[in-house]
Amino acid sequence: MVRAKPKKNKLPADKARVGKIIDKLNRAHPDAKLDLDFSSPLELLIALILAAQARDDLVNQVTAKLFEKYRSAEDYARAPAGTVEEDTRRINFYRNKTRLIQNCCREVVERFDGRVPERLDDLLTLPGVGRKTANILLGNAFGRQAIGVDTHVMRQAQRLGLTQNTNPDKIEFDLTAIVPEKQRVRFCHLLQYHGRRVCFAKKPRCPECVVRSLCPYPDKTRV
């Protein structure tokens with residue numbers, strides 16, 4: 001794989017550049033949002049566990065029926081494993097994900113009175129919950145300004161030269177330092193939509209990119 005060379009002209013400092021990137025992507029993707037359907041923190045937690053390496057649209061199809069059947073953490077915890085597996089079998093790795101969901105919900109019931117905790121440290125103690133899941137949950141279900149580093153956020157941040165790290169946790173810390181606090185969740189949504197619509201993994205559409213002038217690799221074909 002051949003990487004394109006960075007632009008020689010100097011780009012604005014990262015904080016200033018991030019502000020410009022957000023403005024341009026906001027105009028290009030005003031509809032950007034989290035694509036998982038949910039109406040409560042518990043529903044988003046379940047959806048995020050199911051969404052690992054799975055399409056959001058498929059997860060939404062499965063959870064539409066799942067959320068009607070299971071209304072509380074206790075419902076998931078007490079249901080026979082085979083029954084929940086049958087309800088999630090369209091999702092890849094559904095047996096393992098079912099186990100994580102049920103173990104997670106048991107912890108929520110036993111340690112948090114059936115309510116999904118609102119503290120990052122507490123969320124990270126739950127089975128199936130890493131920093132990405134916890135931060136997406138905090139940002140989208142609890143209104144906290146957190147950076148959730150999924151595949152799109154990671155790739156876009158690297159391509160835009162906002163991080164040189166490959167570890168999601170380190171990327172989170174890099175972005176937290178330069179993204180305005182009030183726009184962190186929005187920033188993630190914008191990068192996700194930009195990655196899905198324009199800056200594809202294998203063949204980005206650079207001529208159509210609204211942030212091309214702010215990108216250190218404006219003529220990449222495979223980066």
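The buried residues of helix H8 (131–141) are covered by elements that include H2, helix H7 (120–123), helix H10 (168–178) and helix H11 (184–197), where helices are DSSP runs of H or I with at least four residues, strands are E runs of at least two, and both are numbered from the N terminus. The buried residues in H8 are Thr133, Ala134, Asn135, Ile136, Leu137, Leu138 and Gly139, with buried meaning under 20% relative accessible area, exposed over 50% and partly exposed in between, for a 1.4 Å probe and protein chains only. This is a predicted model, in which local features need pLDDT of at least 70 and side-chain atom pairs count only at pLDDT 80 or more, while totals for chains, interfaces and linings use all residues. Residues are numbered from 1 along each chain as its sequence is written, and side-chain values use heavy atoms, with hydrogens and water left out.

**Helix H8 and its packing against H2**

- The axes of H2 and H8 come within 10 Å and cross at roughly 145°, the axes being lines fitted to C-alpha atoms, for helices over the stretch in contact, with angles that run from 0 to 180 degrees between N-to-C directions.
- The contact (heavy atoms within 4.5 Å) is made by Pro41, Leu44, Leu45 and Leu48 on the H2 side, and by Thr133, Ile136, Leu137, Asn140 and Ala141 on the H8 side.
- By class, this contact of H2 with H8 has seven nonpolar, two polar and no charged residues, where Ala, Val, Leu, Ile, Met, Phe, Trp, Tyr, Cys and Pro count as nonpolar, Asp, Glu, Lys and Arg as charged, and the others, Gly among them, as polar.
- H8 is followed by Gly143, which has a positive phi, near 70°.

**The nonpolar cores**

- The largest nonpolar core has 39 residues, of which Leu36, Ile46, Val59, Tyr76, Cys105, Leu123 and Leu137 touch the most other members; such a core is a set of buried Ala, Val, Leu, Ile, Met, Phe, Trp, Tyr and Cys residues joined through side-chain atoms within 4.5 Å.
- Two or more residues of this core are given by each of helix H2 (41–51), helix H3 (56–69), helix H4 (73–78), helix H6 (94–112) and helix H8 (131–141), and the largest share, nine residues, comes from H2.
- Ile46, not counting residues up to four places away in sequence, touches Leu66, Phe67, Tyr76, Ile101 and Cys105.
- Apart from this core lies another, of 25 residues, among them Ile147, Val179, Cys188 and Leu190.

**The aromatic pair**

- A search of the whole structure finds one aromatic pair, pairing being counted for rings of Phe, Tyr and Trp (its six-membered ring) if their centres lie within 6.5 Å, with planes under 30 degrees apart taken as stacked, over 60 as edge-to-face and the rest as tilted.
- Tyr70 and Tyr76 form this pair, which is stacked, at 4.9 Å centre to centre and with 25° between the planes.
- Tyr70 is buried, with a relative accessible area of 5%, and Tyr76 also counts as buried, at 1% relative accessibility.

**Residues of helix H10**

- Glu172 has its place in helix H10 and counts as buried at 7% relative accessibility.
- Not counting residues up to four places away in sequence, Glu172 touches Arg131, Asn135, Ile147 and Val149.
- Ile171 is also found in helix H10 and is buried, with a relative accessible area of 0%.
- Leaving aside neighbours within four places in sequence, Ile171 is in contact with Val149, Met154, Ala157, Gln158, Thr163, Asn165 and Thr166.
- The C-alpha atoms of Ile171 and Leu58 are separated by 28 Å, the two residues being 113 residues apart along the chain.

- H3 and helix H5 (residues 81–88) pack at an angle of about 145°, with their axes 9 Å apart.
- In this packing, Val62, Leu66 and Lys69 of H3 meet Thr83, Asp87 and Thr88 of H5, and the residues of the contact divide into two nonpolar, two polar and two charged.
- Phe93, in the loop between H5 and H6, has a positive phi of about 55° although it is not a glycine.
- Asp113, which lies in the loop between H6 and H7, has a positive phi of about 55° although it is not a glycine, and at 71% relative accessibility Asp113 counts as exposed.
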